[in-house]
Amino acid sequence: MEGTSVDIQLSPKSSNLARLRKGFFDHRGLIATFIGTFCFAAQNIFAKLLESDIPVVELVCLRFIIHVVFSGIIGVYNGMQLRLQSGREAALMLARSITGVVGMGLFYYAMYNMSVGMANTIVYGAPVFVGVFAWVILKEPFLWRDIILVVINLTGIVLIAQPPILFRSEKMDSLRKMELIAVAAAVSAMLLTTSAIILVRLLRRINCSVSKIVFYYSLCGVVVPAIAGIVMRDWVVPPCGEARCYIFLMGFLGFMYHYLFSYGLTSSEKSYFVSVISSNQVPVTILLEIIVLDDIPNWIGLLGAGLVVMSALGVVFREGTLMRGQSENGDELQDKRVREVDSENNSRVQTPKSTEDAAIEEPTISP
């Protein structure tokens with residue numbers, strides 16, 4: 001009796017633990033994406049802390065060295081095929097890698113010379129302009145909703161930049177000029193990121209694996225900045241201590257973000273939920289910037305950041321609506337086909353047949 005009572009008392013706890021494990025497993029993709037947003041925000045802060053120690057070109061190269069080591073280990077473990085199948089695949093892979101690496105360099109340059117959160121916000125608006133590039137290159141439809149999202153995004157960028165033409169109260173000193181140049185670099189990085197997304201979609205159309213794309217992108221991120229650093233003679237030995245620790249953490253957290261985000265997309269049935277959660281990287285970056293760097297943006301910049309995030313989320317919800325509509329249309333077509341097949345079978349059973357037809361069809365009837 002005592003043993004039975006103990007079992008009855010422990011069963012609710014075990015059932016709650018089982019439900020917790022099942023809930024964690026069912027939402028593992030969303031949880032991984034949420035953790036990845038913190039990794040992305042933290043690696044941006046570590047990059048900002050290296051502003052006075054490492055040049056931008058060297059910082060990009062060191063980041064990709066760490067990235068290519070970890071991605072190469074995982075690729076070898078999974079048996080990744082690195083051979084390019086055609087000249088078109090090689091050309092698209094080269095274009096995607098160069099646009100991504102140059103965009104990353106411009107992004108780090110923007111972070112060095114302006115607020116980390118604001119630079120991250122501008123680059124985060126890249127999905128809004130994917131519709132424009134897809135309309136021009138891939139001939140995909142560009143609707144009035146896309147135009148509204150682009151206008152909202154551009155308005156947010158203007159509020160973040162606060163150009164002197166519209167905000168005359170701002171003083172045009174050397175620091176302010178560098179901030180405007182940094183905003184232009186962030187916008188250029190956003191456009192290059194948009195181009196890289198389009199090129200990835202073209203590579204996926206010819207059945208190029210994601211792991212191969214990431215590996216060649218990381219490899220190009222090592223070679224191109226290294227050559228640029230040698231030509232520009234902009235190469236220094238990282239100081240010992242905290243700087244080298246920051247470099248490793250920046251590269252490792254950047255790799256973890258890409259891995260967790262990719263895992264979230266492959267583990268979750270609804271990718272737009274993953275995109276919504278990834279939008280947390282903007283407020284988390286701004287929050288860490290306030291806590292770690294003691295850099296508080298003004299309310300106009302925060303308003304612009306909100307508009308950019310809202311436009312990006314608008315793209316996410318638009319894609320989610322299109323996906324639901326396509327799935328509903330697919331289900332309706334499947335149901336219609338099933339009804340047509342059933343009606344044909346019923347008509348065949350109900351229609352009287354001659355003995356000759358029956359004799360001909362009898363061997364083809366399954367038991």
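Predicted model: local features only at pLDDT ≥ 70, side-chain atom pairs only at ≥ 80, totals over all residues.
Of the 367 residues in the protein chain, 40% are buried, and, among the contacts with a separation of 6 or more, 85% are between residues 24 or more positions apart.

Next, I would like to turn to a pair of helices. Two packed helices are described by the angle between their axes and the distance between the axes. For helix α4, which covers residues 87–113, and helix α8, which covers residues 174–205, the axes come within 7 Å and cross at roughly 155°. Because angles over 145 degrees count as roughly antiparallel, α4 is roughly antiparallel to α8. Their contact, sorted by class, has 20 nonpolar residues, along with five polar and three charged ones, and the crossing in which α4 passes α8 is left-handed.

Finally, let us look at helix α12, which runs over residues 281–293, has 13 residues, and reaches 17 Å from its first C-alpha to its last, close to the 18 Å expected at 1.5 Å a residue. Which residues of α12 are buried? They are Q281, V282, V284, T285, I286 and E289. After α12 comes D294, and the phi of D294 is positive, near 55°.

Key: Residues numbered from 1 in each chain as written. Heavy atoms only, no water. Helix = DSSP H or I, 4+ residues; strand = E, 2+ residues; numbered from the N terminus. Expected span 1.5 Å × (residues − 1). Buried < 20%, exposed > 50% of the residue type's maximum accessible area, 1.4 Å probe, protein only. Axes fitted to C-alpha atoms, helices over the stretch in contact; angles between N-to-C directions. Parallel < 35°, antiparallel > 145°, perpendicular 65-115°, else oblique. Left-handed = near helix turned anticlockwise from the far one by under 90°. Nonpolar A, V, L, I, M, F, W, Y, C, P; charged D, E, K, R; others polar. Contact = heavy atoms within 4.5 Å.
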